[in-house]
Structure formats: C-alpha cells, structure tokens
Amino acid sequence: MSNRVYMAGLIVRDITFDVLSRYLDAAVARRRKVAIFFANANFVVRCQELKPALRGRPNVHIVPDGLGIDLASKALRGRPFRENLNGTDFVPRFLATRRRPLSIYLLGGTGEVVERTAATFAALPQIRVAGRRDGYSFHEREEGTIAEINAARPDVLLVALGNPLQEQWILDRMDRIDASVFLGVGALFDFVSGHKARAPVLVRRLRLEWIYRLALEPRRLLARYTVGILHFALVVARDRRPSGTAGEPR
C-alpha cells in the first residue's frame, strides 16, 4: 500500500481509488484477508480505543473520509490526501466497476434497509449477493450468522454497524470468518436503500455534504459537527509526530 499519515495514533493511508481497488482485487484473487476502515473526524475520535487492537495488524488499513480529516492532513504535513475515499461513494463505485464476478454478504441495518440494499447491489453486472443479515436480529444469533457467512464464503463482507462497533467486531472476528475483504461501511445501507437522502451532486463536489446532513438531522448531528470537531482537533494536536514521520499506531 502507499504513503502513511500518522494522525492521533492512527495510520491513515494516502492512496487513490485505483490503487485501493487493485489491492482489494488482489486480496480476493488470492483469498487473503484484509480489512478497510473509512476514517472521518468522528471515526478518529470514537476509535481511539481501537489502537491496541490495530497493533501488529498489517492487513487492516484506514483510508481518509471527509473534509475534516483532509484539513487535519494539511495541518500535519502541508497537503491534503490525494483522494477522498468515503465509504458511501467508494463501495458502490468499487462494486459497479468490477470486471470479474464478486460475491458479497451484507450485515447491518434494519431488515427492510438491508433487503433493499441487497437488491440494489444484486442488480450490478458482476455482483452476486451471497447473503444478508440485519444488524438487530444477528446479535441474538451471532454464531449462527457467522456460520451462515462461512457457508456462503463471500469475497467481500460489508459490515454496517456504526463505529466503533463495526470496526471492533471486524477486528475480533475476521480470523474466524471465511471472507477475503472486510469493509466497515457505517450508514452506507441507509443511503443505498434510499432510507436516507444523499446531498445533491454539486454539494458533494464542494465537500459540503456535512451541512446538508446537519440540516436534515440537526438533533443527531449537531454535537458531532460542533463539539465533535473541536474534540477531533484537540486529539490530533495532542498526539502528533514531526512532519514526514511514519510508523505504526501506538
């Protein structure tokens, strides 16, 4: 993989869509386990507790998601990340551009949301949905769900449980699960299913989708985009390394 940026005790990869896509294709072809986490400012704050679990995990990678983490990169090393790899855009694009058949399993969301998401992805030319499980009932029969995933042997497991739960779940269980690529996708299913609306394309291109989402869900997101951003800035400022210094999470 490519350049590494040390940010608040986490290593964020500075890579492009094409590089990451080829890396995931190779993992699937070789049946090699890799996990990808999409880090926005909220992820960096809420996933600090994951740092010990990330030590010695060269097959787990964090990629940049959103304006806040881009601004932090500018502050830390004088330049932004090469691409914004937010999972809501990356995952559908990755699935839609595969040239070879790819099987996926969906875990998370409500029953209706995961069913509609599965139908949307199943309509893509090279994608086969090997199975799905909503994020509520699976907690009551987790072992059965894992057995079901292993029986399906998907190439890609999409886990939409919200962070840091989805990342911790993947780290704790990926060695037991017969899949190659593990993606922590947050609210992806809500958007793909139409349960929640995406911002207009122009708003997304201007990197202002957070304002659109705040306008739609002020009670849920106000603290994240005010106090949360300040917390993020403090965490990054408190735990930083000299410009250009790389290393693994502490």
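Buried means under 20% relative accessible area, exposed means over 50%, and partly exposed is anything in between (1.4 Å probe, protein chains only).

**Ground rules.** I'm working with a predicted model, where local features need pLDDT of at least 70, side-chain atom pairs count only at pLDDT 80 or more, and totals for chains, interfaces and linings use all residues. Residues are numbered from 1 along each chain as its sequence is written, and side-chain values use heavy atoms, with hydrogens and water left out.

**Salt bridges.** I looked for places where a side-chain nitrogen of Lys or Arg sits within 4 Å of a carboxyl oxygen of Asp or Glu, which is what a salt bridge is. Side chains of opposite charge can pair when their charged atoms come close. How many salt bridges does the whole structure hold? My search came back with 17.

**D25 and R98.** I checked this pair and found a salt bridge at 2.5 Å, N to O. D25 is in helix 1 (residues 17-30) and R98 is in the loop between helix 5 (87-96) and strand 5 (102-108), so the pair ties together parts 73 residues apart in sequence. For the record, helices (H or I, at least four residues) and strands (E, at least two) are DSSP runs, numbered from the N terminus. Is R98 buried or exposed? R98 is buried, because its relative accessible area is 12%. D25 is partly exposed at 30%.

**E143 and R176.** These side chains meet in a salt bridge too, at 2.6 Å, N to O. I found E143 in helix 7 (residues 142-152) and R176 in the loop between helix 8 (165-173) and strand 8 (181-184), so this bridge ties together parts 33 residues apart in sequence. E143 has 48% relative accessibility, so I wrote it down as partly exposed. R176 is partly exposed as well, at 42%.

**R153 and D178.** The closest N and O atoms of this salt bridge are 2.7 Å apart. R153 lies in the loop between helix 7 and strand 7 (156-160) and D178 in the loop between helix 8 and strand 8, so parts 25 residues apart in sequence get tied together. R153 counts as partly exposed at 43%, and so does D178 at 26%. Which residues form a network of salt bridges with R153 and D178? I noted R31 and D155.

**L230.** I looked this one up in helix 13 (residues 227-238). L230 is exposed, because its relative accessible area is 58%. L230 and A41 are 189 residues apart in sequence but 9.8 Å apart in space, C-alpha to C-alpha.
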